[in-house]
Amino acid sequence: MKAFFVSDRLAFGSKIRTLRHVKKLRSLGITHVINLRDYDSQKARRFRCIWLGFKDNAKPRPRWFYGRALKFYQKAMRHPKTRVFVMCRVGKRRSASLAYFFLRASGSSGRRAGALVRRARPCAMIVRAYRESCEEYLRLRKRWQNT
């Protein structure tokens, strides 16, 4: 299990498989976990957790996916000592792409968000379909907020 921080309070990485991984994340100050694996994780449940399971199929994510993820993330971030860990199987595509989404939703430009993700983990990939569906969600969200 590896964790890659894109900010002081947001990290992404690979699956939590053992109690040693739980202890490592706790030592890093992780308080909340977003599980993107296609099945639930009992180890992730040792934190405040949400399970948004999807296969890594490079297909666009539905709007509800981004809505639930953002609601969980924003609620967690209201508390100053919170640190959120986004996990998938390997920590290269799904979790990196969702970390990108959170950076974008928090006001970073697309270029800056992508650079932060790649600086944290150079082999990370922001999957095109995930990026496009997250950008579409953010455009619609902005429109909803302006009406």
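## A walk through the predicted fold

For 147 residues, a compact globule would have a radius of gyration near 15 Å, and the protein chain agrees with this at 14 Å; the radius is taken over C-alpha atoms, and the globule rule is 2.2 Å times the number of residues to the power 0.38. This is a predicted model, in which local features need pLDDT of at least 70 and side-chain atom pairs count only at pLDDT 80 or more, while totals for chains, interfaces and linings use all residues. Residues are numbered from 1 along each chain as its sequence is written, and side-chain values use heavy atoms, with hydrogens and water left out.

Let's start with the overall layout. The chain has five helices and five strands, where helices (H or I, at least four residues) and strands (E, at least two) are DSSP runs numbered from the N terminus. Along the sequence they follow the pattern β-β-α-β-β-α-β-α-α-α. Of the 147 residues, 48% are buried; buried means under 20% relative accessible area, exposed over 50% and partly exposed in between, with a 1.4 Å probe and protein chains only. Among contacts with a separation of 6 or more, 65% are between residues 24 or more positions apart, a contact being heavy atoms within 4.5 Å.

Four bridges join it to β2 (residues 10–13), and the two strands run parallel; strands pair if DSSP finds at least two bridges between them. β3 (residues 32–35) also pairs with β5 in the parallel sense, over four bridges. V84 is the bridge partner in β5 of L10 and also of H32. In a regular strand the side chains alternate between the two faces of the sheet. Here V84 and V86 point one way from β5, F85 and M87 point the other way, and all are buried.

Helix α1 (residues 19–27) has H21, V22 and L25 buried. Seen down the axis, the buried residues fall within an arc of 100°, so they line one face of the helix; the arc is that of the directions from the helix axis to the C-beta atoms. An α-helix has 3.6 residues a turn, so residues three or four places apart point the same way. Just after α1, G29 takes a positive phi of about 90°.

Now to the aromatic rings. The structure holds nine aromatic pairs, counted when rings of Phe, Tyr and Trp (its six-membered ring) have centres within 6.5 Å; planes under 30 degrees apart count as stacked, over 60 as edge-to-face and the rest as tilted. The ring centres of F4 and F12 are 5.8 Å apart with planes at 35°, so this pair is tilted. Both F4 and F12 are buried. The rings of Y73 and F102 have centres 4.1 Å apart and planes at 10°, so this pair is stacked. Y73 lies in helix α2 (residues 63–77) and F102 in helix α3 (residues 94–105), so the pair ties together parts that are 29 residues apart in sequence. Y73 is buried at a relative accessible area of 8%, and F102 is buried at 0%. Both belong to one aromatic cluster formed by F54, W64, F65, Y66, Y73, F101, F102 and Y137.
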